[in-house]
Amino acid sequence: MHEKNLETQLIHIGNGQFQKKINKSVTVPETLPIYLTSAYALEDVSSLDEIHANSAEGYLYSRDAAPNADAVSEIIAKADQGERGLLFASGMAAITTTILSFVQTGDHIIASSVLYGGVYSYLSNELARFGVEVSFADLINEDITPRIKPNTKLVYTETISNPLMEVPDISRISKEAHAHGLLVLVDNTFATPVIAKPILLGADIVLYSATKYLGGHSDIVAGVVVASGELISKIKRLQILYGSILSPHDCWLLARSLRTLALRIKKHSENALAVAQFLESHPKVEKVFYPGLISSPSYELTQRQFTKGYSGGMLSVNLKGGEKAALALVKAMDMIPFVPSLAGTSTTVSYPVKTSHRLYSKNEREKLGITDGQLRFSVGLEDSCDIINEIATSLDDGTNP
């Protein structure tokens with residue numbers, strides 16, 4: 001056999017033929033490898049046809065499908081008890097691609113009035129450019145039936161609303177929607193499948209910003225969709241066209257994070273409840289928003305709808321003294337940084353009127369109860385006594401009633 005020159009050897013040795021050798025091994029890696037390749041080699045043209053016909057297993061191009069994305073999709077789908085999952089490059093990519101997969105010009109959407117600001121902006125502004133109408137409603141307290149039109153296609157809500165921490169009755173909403181042939185999309189980011197499984201409550205599609213609790217370490221940006229195989233196939237078509245699949249490395253990091261999700265959510269929830277109870281009793285606090293508090297209007301529903309008695313790590317608080325008090329507390333805290341995101345290992349604070357809900361007008365925010373004196377805490381995994389002590393000391397030193 002002709003001995004290849006050095007330049008050729010450096011390019012080819014250790015690639016495809018070596019991988020075939022590894023695949024025949026009687027051992028397998030203990031953890032998921034990272035498949036950093038943009039494309040795959042085939043034995044012949046007929047193999048390509050077989051993959052396209054789904055008569056053979058294989059990958060072709062990593063924008064279409066990739067091993068790391070498929071592995072994590074399987075983990076998430078199992079956790080949510082759905083049939084299939086899809087990984088996206090961000091939560092917004094997952095949400096917008098999913099919505100576009102089921103609406104067209106002339107269609108109508110019903111959505112919760114309190115949503116993450118980016119989703120609210122997309123629904124209220126961007127979809128209008130494509131001739132899609134959106135009606136915002138109080139899905140916590142209202143039936144959706146009066147809002148339904150002949151052209152309504154789907155209902156969109158959050159398991160735990162951002163930032164007011166209210167909990168909609170997903171079973172009721174799903175029954176009403178399905179009676180009129182509508183799809184139900186639920187953003188489960190704040191709850192995660194550890195706390196709630198919207199599919200078991202009747203929802204059709206579950207969405208996540210996996211940047212948050214699913215990732216949980218503040219080191220990736222990702223999105224996830226879980227649904228039936230039929231619905232995922234429709235979403236997958238647009239994902240391929242728009243090129244929004246998650247990178248192999250970020251998929252690998254997400255898989256790492258999911259191994260400890262249940263443990264982390266338990267601790268987040270325990271800490272958040274302790275912090276919420278402390279804040280509720282503090283004289284400089286006007287109101288605490290946390291569904292795990294007995295005083296919360298959502299408490300009874302969480303007991304029926306959530307599993308394990310957890311209510312998550314997110315809470316909001318209205319301070320006496322309004323904006324001045326809120327900004328003073330943010331500045332006074334040392335261990336708890338001001339971060340316009342959430343769900344990492346450490347406790348952080350955010351100011352919704354300037355961050356997550358900046359795209360709402362002041363009138364819209366005030367109407368919904370998102371005030372200038374409101375802070376949102378993402379309670380982390382520290383010792384709860386240290387978190388409470390930090391907030392207590394900062395309230396005493398940095399704010400005035």
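Q: Why is glutamate 270 called partly exposed?
A: Its relative accessible area is 38%. Buried means under 20%, exposed means over 50%, and partly exposed is what falls in between, all with a 1.4 Å probe and protein chains only. At 38%, glutamate 270 therefore lands in the middle class. Keep in mind that this is a predicted model, where local features need pLDDT of at least 70 and side-chain atom pairs count only at pLDDT 80 or more, while totals for chains, interfaces and linings use all residues. Residues are numbered from 1 along each chain as its sequence is written, and side-chain values use heavy atoms, with hydrogens and water left out.

Q: What makes glutamate 270 and lysine 266 a salt bridge?
A: Their side chains come to 2.6 Å, N to O. The cut-off is a side-chain nitrogen of Lys or Arg within 4 Å of a carboxyl oxygen of Asp or Glu, so this pair qualifies. Both residues sit in helix 11, 4 residues apart, about one turn of the helix. Lysine 266 has a relative accessible area of 36%, so it is partly exposed.

Q: How do you know that aspartate 107 counts as buried?
A: Its relative accessibility is 7%, and the limit for buried is under 20%. Aspartate 107 also meets lysine 153 in a salt bridge at 3.1 Å, N to O. Aspartate 107 is in the loop between helix 5 (91-100) and strand 2 (108-112) and lysine 153 is in strand 4 (residues 152-158), so the pair ties together parts 46 residues apart in sequence. Lysine 153, at 32%, is partly exposed.

Q: Why is helix 4 called roughly parallel to helix 10?
A: The axes of helix 4 (residues 67-80) and helix 10 (residues 248-258) cross at roughly 30° and come within 8 Å. Angles under 35 degrees count as roughly parallel, over 145 as roughly antiparallel, 65 to 115 as roughly perpendicular and the rest as oblique. Roughly 30° is under 35, so helix 4 is roughly parallel to helix 10. These axes are lines fitted to C-alpha atoms over the stretch in contact, and angles run from 0 to 180 degrees between N-to-C directions. Contact means heavy atoms within 4.5 Å; the residues that make it include Val72 and Ile76 of helix 4 and Trp252 and Leu258 of helix 10.

Q: What makes strand 6 mostly covered?
A: In strand 6 (residues 205-209), 5 of its 5 residues are buried. Ile205, Leu207 and Ser209 are on one side and Val206 and Tyr208 on the other.

Q: How do you know that strand 6 pairs with strand 5 and strand 7?
A: Two strands pair if DSSP finds at least two bridges between them. Strand 6 has 3 bridges with strand 5 (residues 183-187), running parallel, and 4 with strand 7 (residues 223-227), running antiparallel. Helices (H or I, at least four residues) and strands (E, at least two) are DSSP runs, numbered from the N terminus.

Q: Why is one side of strand 8 left without a neighbour in its sheet?
A: The open sheet has 4 strands in the order 8-9-11-10, with antiparallel pairing. Strand 8 (285-289) and strand 10 (348-350) stand at the edges with a single partner strand each, so one side of each has no neighbour in the sheet.
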